[in-house]
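Trainee: Please take me through the features of this model and how to read each one.

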Amino acid sequence: MDKADFMRRAIALSIEQVTSGAGGPFGAVIVKDGAIIAEGANRVTQSHDPTAHAEIVAIRGATTGLGRFSLEGCEIYTSCEPCPMCLAAIYWARIDRIYYGNSREDAAAIGFDDAFLYDEMNLPIAERTRPTQRLLASEASDAFKAWAESETKVRY
């Protein structure tokens, strides 16, 4: 299989979601050493989980399958440019390369508009649309102190 085949599989997953009524038109595959190791399709409405985007589902499958949290050495093929949440997850998973089909502008044209999220993240906390307040910072820092002093921590 080549890059076009992997992208076609991601696109096929996105179409299957729509035709089956299972969810939004998004699919993703993760590839390692020239083979698909995980697939994901949007399961937001099906699972009642707003984080169950195709990329997240695929990442969860790949990390479980490999038995590790790092997906270094992997590539992701996704039917649409990743939203901010999925993009962050791809970076946290350390996936080497991203390939996508539809753009975020294409997604916005059919009602999946993430522009407000990109805008929101650039605002100072006090100006965001969701009220956000810091509480118990000194108590919360105890966990960070414990982490810094831990001799058994696994860095990620």
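Mentor: Begin with the terms: helices (H or I, at least four residues) and strands (E, at least two) are DSSP runs, numbered from the N terminus. Read along the sequence, the order here is α-β-β-α-α-β-α-β-α-α-α, which comprises seven helices and four strands. This is a predicted model, in which local features need pLDDT of at least 70, side-chain atom pairs count only at pLDDT 80 or more, and totals for chains, interfaces and linings use all residues. Residues are numbered from 1 along each chain as its sequence is written, and side-chain values use heavy atoms, with hydrogens and water left out.

Trainee: What share of the residues of the protein count as buried?

Mentor: Buried means under 20% relative accessible area, exposed over 50%, and partly exposed in between (1.4 Å probe, protein chains only). Of the 156 residues, 32% are buried. The C-alpha trace spans about 50 × 40 × 25 Å along its principal axes.

Trainee: How many contacts between residues at least 6 apart join residues at least 24 apart, as a percentage?

Mentor: A contact means heavy atoms within 4.5 Å. Among contacts between residues at least 6 apart in sequence, 49% join residues at least 24 apart.

Trainee: Which residues are closest to the centre of the largest pocket?

Mentor: Rolling a probe the size of a water molecule over the atoms shows where empty space is left. On a 1 Å grid over the protein atoms alone, a pocket is an open set of points where a 1.4 Å probe fits, with protein on both sides within 12 Å along at least five of seven lines; lining residues have an atom within 4 Å of a point. Grid points are joined across faces, edges and corners, and the volume is the space filled by probe spheres set on the points. The largest pocket holds about 270 Å³. Its lining has 15 residues, and Phe26, Asn42, His53, Phe112 and Asp114 are the closest to its centre. Helix 2 (44-47) and helix 5 (104-109) each contribute at least two lining residues.

Trainee: Where is His48, and what is its phi?

Mentor: Most residues other than glycine have a negative phi. His48 has a positive value, near 60°, and sits in the loop between helix 2 and helix 3 (54-66). His48 counts as exposed, at 72% relative accessibility.

Trainee: Is Leu136 buried or exposed?

Mentor: Leu136 is exposed, with a relative accessible area of 58%. Leu136 lies in the loop between helix 6 (115-121) and helix 7 (137-149), and its phi is also positive, near 50°.
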